[in-house]
Amino acid sequence: MMIRRLPIVALAAVLSLSVASCSSSTTGTSNAPDAGVSEKAQQALEDIKGQVLSKGPNGETPSPASAAELTPEEIEKVKALNAKAAVVMHYGGNDWATAQVNGLKSEFEKLGIKVIATTDANFKPDKQVSDIETVMTQDPDIIVSIPTDPVATASAYKKAAEAGTKLVFMDNVPQGLTAGQDYVSVVSADNFGNGVVSAHQMAKALGGKGKIGLVFHQADFFVTKQRYEGFKETITKEYPEIQVVEEKGIAGPDFAGDAQAAANAMLSKYLTCPASGRCGMFLQKA
């Protein structure tokens with residue numbers, strides 16, 4: 001299932017930095033933004049509205065959120081199960097994670113499903129494996145989770161599935177697990193589409209010309225790779241006069257601090273202006 005999030009290269013390109021070339025006060029230089037390119041980018045954004053560009057981790061065609069809607073009769077059947085659920089997060093220390101957990105708890109409450117545990121692995125695979133093992137002692141019917149590492153956590157999720165617990169993943173899927181057999185579904189945004197949209201927005205803001213730096217989430221996450229690929233591919237193919245001058249991966253958990261440090265380093269390296277000239281900067285931050 002794919003849902004379009006805000007059009008930002010969130011995490012895959014946590015922060016995109018564009019530094020326009022220094023120029024004198026004279027207008028009409030070769031570095032001037034191209035209004036035609038900005039119009040092209042805007043048209044591209046219009047053309048992809050309502051489309052989902054991503055595929056699932058194994059090439060699956062996505063389904064809309066409406067595919068998971070339940071009828072009143074189905075809701076009553078779920079309530080009668082008196083099911084228990086656990087939320088096993090990869091990381092819980094930001095607004096995004098808090099919103100996911102709050103949304104899950106809200107929906108589970110409507111369905112009469114008791115949330116018996118919420119865990120935070122702080123991006124540590126061994127901690128998440130321990131969290132899964134601890135949660136399983138409470139015999140949950142459902143686990144909703146984002147794997148910190150698709151390889152290191154796979155065996156723990158496999159054991160949970162073999163014990164009869166229904167697994168639902170967000171964004172990332174453990175290696176070797178099969179949809180419909182080991183887990184119910186993976187729910188995610190249109191991550192490749194997010195990257196494409198962000199590239200067009202960047203090009204529109206720059207007028208198709210400039211130098212940009214990418215700061216991305218350096219993790220083995222399917223979705224972050226999709227966002228990065230969508231952005232990089234679109235910028236490279238569609239806007240040849242926009243140059244990616246540097247890329248920097250950050251691993252967290254202090255994403256804001258790490259991204260700021262990476263951006264500052266790029267600014268110091270590339271944004272140099274003569275006293276008599278003019279410089280511009282475009283900063284896009286998730």
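Analyst: Val168 stands opposite Ser185 in S7. Strand S7 covers residues 185-189, and S6 pairs with S7 in the parallel sense over 3 bridges. Two strands count as paired if DSSP finds at least two bridges between them. Helices (H or I, at least four residues) and strands (E, at least two) are DSSP runs, numbered from the N terminus. The model is a predicted one: local features need pLDDT of at least 70 and side-chain atom pairs count only at pLDDT 80 or more, while totals for chains, interfaces and linings use all residues. Residues are numbered from 1 along each chain as its sequence is written, and side-chain values use heavy atoms, with hydrogens and water left out.

S6 also pairs with strand S5 (residues 142-145), in the parallel sense and over 4 bridges. Here Ser145 has Phe169 of S6 as its bridge partner. From S5 the chain passes through H5 to S6, a β-α-β crossover that is right-handed. Right-handed means that, with the strands pointing away from the viewer, the path from the first strand over the helix to the second runs clockwise.

Phe169 also takes part in a ring pair. Rings of Phe, Tyr and Trp (its six-membered ring) pair if their centres lie within 6.5 Å; planes under 30 degrees apart are stacked, over 60 edge-to-face, and the rest tilted. The structure holds 4 aromatic pairs. In one of them, the ring centres of Tyr157 and Phe169 are 5.1 Å apart and the planes stand at 85 degrees, so this pair is edge-to-face. Tyr157 belongs to helix H5 (residues 154-162) and Phe169 to strand S6 (residues 166-170), so the pair ties together parts 12 residues apart in sequence. Both Tyr157 and Phe169 are buried, where buried means under 20% relative accessible area, exposed over 50%, and partly exposed in between (1.4 Å probe, protein chains only). Ring pairs join Tyr157 and Phe169 with Tyr183 in a cluster.

What salt bridge does Lys158 form? Its partner is Asp182, with the closest N and O atoms 2.9 Å apart. Lys158 lies in helix H5 and Asp182 in the loop between S6 and S7, so this pair ties together parts that are 24 residues apart in sequence. Lys158 counts as partly exposed at 26% relative accessibility, and Asp182 counts as buried at 8%. A salt bridge here is a side-chain nitrogen of Lys or Arg within 4 Å of a carboxyl oxygen of Asp or Glu. By this rule the count comes to 9 salt bridges.

Lys269 forms a salt bridge with Glu246, the closest N and O atoms being 3.4 Å apart. Lys269 is in helix H8 (residues 255-270) and Glu246 in strand S9 (residues 242-250), so parts 23 residues apart in sequence are tied together. At 54% relative accessibility, Lys269 counts as exposed; Glu246 is partly exposed, with 24%. Glu233 and Lys237 form another salt bridge, with the closest N and O atoms 3.9 Å apart. These two residues, Glu233 and Lys237, both lie in helix H7, 4 residues apart, about one turn of the helix. Glu233 is partly exposed, with a relative accessible area of 37%, whereas Lys237 counts as exposed at 62%.
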